[in-house]
Each structure stands twice: as C-alpha cells, then as structure tokens.
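Subject: Structure handover

Hello,

Here is the structure we talked about. Please open it alongside this note; what I found follows below.

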Amino acid sequence: MSSATNSRRGITAAWRISGWSTLIFAVGAIVAFFFLHRFVSHEIQRRSDAWLLGEVEVLGDVAERTPKGILYDRIVDEIAELATKEVPTESQNTQNPNDAVFFLELGPDNSLKLWVGKGNSSDYLTPIRAAAIRPGIPGNISVVGAPIPFRIVADKTEAGDTIYLGLSEHNNRLLLRRMRVYFFSSGATIVLLGFILVFVTSRRTLARVEAVTDIAARIGQNDLKSRVPEVDGNDEIARLARTVNGMLDRIEKSVNQLHTITDSLAHDLRSPMTAIRGKLEMVLLADTNGQWSDPLGSAVEEIDRLTELLTKSLDVAEANADALRLRRQHLDLNALLRTIVDLYEPSLTDRGIRVDLYSTGPATIFADSALMHRMLANLLDNAGKHLPAGSKVTFRLSSSAGQILLIVDDDGPGFPPETLSHLFERFVKGPHSKGTGLGLAFVEAVVRAHDGQITAANRTPQGASFTITLPASSV
Amino acid sequence: MRLLVVEDDVQNRRFLEKTLTESGYEVSLAPTAAAAERVFRSAVNLSAVILDLGLPDEDGLSLITRLKQQGLRAPVLILSARRSVDDRVRGLETGGDDYLVKPFAAPELLARLRNLIRRNSPPVDNVTVLQVLDLRLDLLRREATRGDEKLQLTTHEFSLLEFLCRNAGRIVSRSMILDQVWGMRIEPDTNVVDVHIYRLRGKVETRGSEPLIRTIRGVGYVLRDK
C-alpha cells in the first residue's frame, strides 16, 4: 500500500516538474519570438520604406524631366508601370502587381494629374489627403475596398506637383505571418518534445529516488537488513542512496545495541530472581505446617510482579524505539478476544463488573500472537483495576475496508482530565491507580508496532473509551 | 531417567539439581558448553537436556545444533533469561523442544519436562478416562462425575479440571494453567486464574469434605490424589 502511494507521489512530482519547466520554456520562447518579430517587422518596414523612397525619387525625377506635353502622361505611366514590376514580392505569379503598388500625381492645386494603379483613384485620394503625408516621411493609409493598408511616400517636384507612391503591406504581412506559423509550429513541437523529455527524465530520476524511499520506509519493525541497491556513479541520487544506506547501518547497529542492552539487563536481573524464587519455593514447599506460607507466598508473588514489570518496561522501551521484535502470523482477533474475555469474565464478574462482547465475525490480522494476547490482557486488567463495582465494559469488534476496529467502552469514572492527554506515556497513572503505569503504554506500543492506532477519550455523561484500529490481514 | 543440566549459574544449578533429584531424576551437571559435550559423549541414555542459553563459552543454541548433529535424540528444555524469546528459540519449540523463561516455578519446570519426555517417547495407549479418587473424567464424551453425581461444567472448566487431573498430586502454577488451558502466555495483573479455580471448586467440591483442590500460596494449585 505504501509503495502504491509512493509511486502516485512520483508521478505527481514528475508531472509538476515537467509542467513547470515546459511553462517556463514556452514563456521564454514567446518572449524571444516577440522581440524577434518586432525586429523582423521593423527591418521589413525599413527595407520597403527604402525602396519606396528610392523609387519615388526616381519617379519624381522622371516626372520633372519629362517635358510637359502629350507624351508626359504616357512616359510617366510607363515608368510607374515599370516601377510596380520591381516590387519586391514573392508572389508575383498569384498577384497582380497593380494590386500592390499605385502611383499618384497631384498638381499644386491638389488636382489629380496622374493615376497608375488598380481601382478608383478617388478611393486613394481621400485617405492620402487625410493622412497629410510629407515628402520623405513614409506613412500608412487604409483604402476603402482593400483589406490591407498601404505604405506610401511622397515627393514634391520643382513644379509644385506632389507624387505619391504606395506599396501594399500585403507582402510584408504575408512574410510575417509565415514566420509566425513557422515559429509556432516548430515552437510547439520543441515544447512538446521538451515536455516529454523532461517528463521521462524526471520519471526515471524519481523512480530511483522512490527506490530509496521504499527501502527507507520498509525499515521498521521487522526488516533492518534491507539496503538500497548499490548505485554506480556519483550523482545526487547515488549519494542519497549511499547516505541512506549509511544511516540504515547506524540504525541497525543502534537497534541491535538496544536489543543487546535490554537482553543483558533482563538476563542480569532475572538470574538472581530465579535463584531467589527457587529458594523461596523450596522453603514454601518444605513448610508443611503452613507457618510461613503467607509471607513466603507473598514474597514469591512480589517477585513474579517484579518480573512482569521488568518485562513490560523493557518491551515498552523497545517499542518506543520502534524496535519491538515481532513474530507475525495470521490470527483471528475475534476468536482471540472471545477466549480472553471468557478468561477474564469470572474475575470481572466477581468485582461486580459486567463485560460484553459484540462482534461482526472473524477479523483476521497479521500479528504477533503473544503480544496481542498480552495487549488484550492489559486492556482487561485495566478495566478490572479501574472500574468500580456496578460498571459495565463493552468490547465491540468490527471490520471494514481493510481495517479492524476494536472499541472498548465503559461507564466508569473515565480518565482524569489531567492524564488524558498523556495517557499512553510510561509511568502515567491516575491519582488512585494501583497499576504500574505501564499497562496502557504497552497497549499503545503493541498497537503501533502493528501499524495500528489507538485513541482514548472520555464519554458523556461518564465513562472511558478506547478506539483501536488495526490493518486487516490481506489473506 | 537421566537428565543433562547445562547451567553456568551456581545457585541455579544447585536449585535445579535439588528439584530434579527430589522428583526422581538422575542429574548430570555441566557448567559450560565444553563440559556438556563431555557429559553427552560419556552418558549412555539421556532422557532430556535442560539448557541455559547464556553460557560463558558458547551460545546455547549453537551447542544444541552441534549436539543434535552428533546424534542427540533427547528433547531440550531451554531456559532463557532473555526477555522476549528469540525467534530461533521459538522455532525450536515446533521441533519438539520447549522453552521456559526465567524466573520459573519449579512445578512448571517439572511439568514441562514431563511433557517433553512423554512427547518424545513412543505413545502409550490413549487414555480416554481419567480417574482421581472419586472424580472421573470421560475425555471422549467430555463428562465429569464426582461419585455418582454428574458435574455441570463449561468447556473451559472441563479443560481446567482435566489439566489438574493429568497432573494430580503435582503442583501446577497459574502460568501453566493459562498456557495449557487457555493457550496464552500472559501474566495477568489481576486474579483471573484464582477466580476460575474458585468457581471450579464450587462445582467439584462437596460441602464438609476435605478440599480436593489445594491452593499453595505463591506457587499454584494441586489436585489431591490421596
């Protein structure tokens, strides 16, 4: 389950990285294109302006030098025709040059002297007059009926005539549009390829990170031996893998050290206890008239209690370090709970406590049975010790969606508010508790070691409640 | 029946020797693994081995493995002072051996030892009826009678009485009862076993007569057989 979560996280990270880098790349490309576009369009404008200016000068010259007479119109007309043929256009085949260029001469009184071009001269005359083009400075005009504006320049002859030469922006626009199309199609391809490249690379990289994460996550209750497979090279992930492996070595060493310490502590304390217990027992059994049986018997019982206290506190210490040794097997919590409630029921009834068990049926978990036995025994001991006569404790076991839920409710006095927040800490006990303060810490430790959760709360109007969830066994 | 006891602690060795000799076993003692191996070579027929895991010269488990390779057939009762019993030791349990965590009660040691030796020897004819004084348990029909009177027992009460009957005249501890009757190795803080015994007494014992189940404070219970 955890590895599934990890791989989902990996995909998300890969998407995020590729998304962001693609976005940044695309924005950069658009900005670059914007400047390129500006530069190119300026350059095109400059060139067409230069051509227009040169051409209008030639035309002005011709118009000036040609004697005014019958041939004037014809000659200028011819020259203008010729000029229009020189239009720097790429689509001469498809377009009539007369569409692209016009020539206009006005007399000093603004009357039309000559018109070479397509369409009605008055369509052009009105916008030219409105635009008030000065000689030597190119300007733009829009003509009725022509979708694309014209670039025009003016020249003044010595005779006071004004010559206008107009060039359609059509070709420039076509060029720019073609550039945009090329740019956008190639840009989009590059961005898409970049996205795929970044995505695949980051997926592969993240998969290596995931392998490290999986190993690190697996290290826990049972597995201290796994290591990230040795990675060649010296990139960041190889270093991460080596660092994690080094850390795992240290964790394994300290957990083993903890086991050695707790084991040898247990050994050193237990051996003398065994000897004491043995001697007391020998005397107790030899004491046939029962003169000393009370003090001796209670001494033996005290030793047993001391042993259990030692066991429990070392278990809790190990569990707090997440180093509890588990021997897991599939077991039915329902059957186990029935047996143990059956075992405790007479003792609780004797104290005036009623115990009920409601279950929805088998609830298989993958757990250490010895620890589960002791965990449930602790819960029942806890009820027996803290509930007053006349109380009721209820165990409710149910399973749903891969979870086993055990709720233990009672109608006793509840937890003292000051202990509720740190109920599962070691040596925490209520003001009137006769316990060791380890029982609930042990319960919590066992539940946590089995990847479960436990919460405690007070009920209204009175009583205490434990809620334990454990992952159900997949078998 | 000869036993080999391997234990490095002098006090415990003495205690084990005394307890086992009193129960009629012949005991060979060995304080180290090397000594244990010598005894194993010279002893003709060992019925069982009692072994402390923490030996000064060798790990107890590797000693067992070695002795088994050399032809040890007798079952091994492992005494462990380690708190939570090692996986490897628990593994042995299934292989016909048993373990006991220190400190243990002498009756429990004896009971486990008897159990081990019985399991390891060829099966005797199956017992279907247990009779102790005027108490009679039919194991097939799971019926108990005292004299002529039939006893109304629950499943667990019957199992508890059966366990006491099988060990009649011998002391059984609370942890043995929990282990054998309920199948749990737990140490309850409360008097759960005592209450079961008390209830059983109420059903088994008749008013005025001498009690059948005796409590031995601090040690356990014994079902009187004479």
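Accessible areas here come from the Shrake-Rupley method with a 1.4 Å probe. On that basis, chain A has an accessible surface of about 25200 Å². Carbon and sulfur atoms hold 59% of that area. Please keep in mind that this is a predicted model.

Chain A overall

Chain A has 475 residues, and 43% of them are buried. Its secondary structure comes to eleven helices and twelve strands. Take the contacts in chain A between residues at least 6 apart in sequence: 64% of these join residues at least 24 apart.

Surface patch

Look for a nonpolar patch on the surface of chain A. Trp20(A), Leu23(A), Ile24(A), Val27(A), Val31(A), Phe34(A) and Phe35(A) form this patch. Together they have about 750 Å² of accessible area. One of them, Val27(A), sits in helix α1 of chain A, which covers residues 2–65. Val27(A) counts as partly exposed because its relative accessibility is 46%, and that class runs between 20% and 50%.

Helix packing

Next, helices α8 and α9 of chain A. Helix α8 covers residues 333–350, and helix α9 covers residues 369–386. They pack at an angle of about 35 degrees. Their axes are 10 Å apart. The crossing of α8(A) and α9(A) is right-handed. On the α8(A) side, the residues that meet α9(A) include Leu333(A), Leu336(A), Ile340(A) and Tyr344(A). On the α9(A) side, their counterparts include Met372(A), His373(A), Leu376(A) and Asp381(A).

Salt bridges

The whole structure holds 34 salt bridges over all chains.

- Glu43(A) and Arg47(A) form a salt bridge through their side chains, at 3.8 Å from N to O. They are about one helical turn apart, because they lie four residues from each other in helix α1 of chain A. Glu43(A) is partly exposed, at 24% relative accessible area. Arg47(A) is exposed, at 58%.

- Asp249(A) and Arg227(A) also form a salt bridge, at 2.9 Å from N to O. This pair links distant parts of the chain, 22 residues apart. Asp249(A) is in helix α6 of chain A (residues 236–286), while Arg227(A) is in the loop between α5 and α6. Asp249(A) is partly exposed, with a relative accessible area of 40%. Arg227(A) is partly exposed too, at 23%.

- Asp179(B) and Arg112(B) form a salt bridge in which the closest N and O atoms are 2.4 Å apart. Asp179(B) lies in helix α7 of chain B (residues 174–181) and Arg112(B) in helix α5 of chain B (residues 106–120), so the pair ties together parts 67 residues apart in sequence. Buried or exposed? Asp179(B) and Arg112(B) are both buried.

Chain B overall

Chain B has 226 residues, and 53% count as buried. Its secondary structure comes to eight helices and twelve strands. Of the contacts in chain B with a separation of 6 or more, 58% are between residues 24 or more positions apart. Chain B exposes about 10600 Å², and carbon and sulfur atoms supply 47% of that area.

Best wishes

Definitions and conventions. Residues are numbered from 1 along each chain as its sequence is written. Chains are lettered from A and ligands numbered from 1 in the order in which they are written. This is a predicted model: local features need pLDDT of at least 70, side-chain atom pairs count only at pLDDT 80 or more; totals for chains, interfaces and linings use all residues. Side-chain values use heavy atoms; hydrogens and water are left out. Patches are made of residues with over 30% relative accessible area and no salt bridge: like charges are joined within 9 Å, nonpolar side chains (Val, Leu, Ile, Met, Phe, Trp, Tyr) within 5 Å. A salt bridge is a side-chain nitrogen of Lys or Arg within 4 Å of a carboxyl oxygen of Asp or Glu. Helices (H or I, at least four residues) and strands (E, at least two) are DSSP runs, numbered from the N terminus. Buried means under 20% relative accessible area, exposed over 50%, partly exposed in between (1.4 Å probe, protein chains only). Contact means heavy atoms within 4.5 Å. Axes are lines fitted to C-alpha atoms, for helices over the stretch in contact, and angles run from 0 to 180 degrees between N-to-C directions. A crossing is left-handed if the near helix is turned anticlockwise from the far one by less than a right angle, and right-handed if clockwise.
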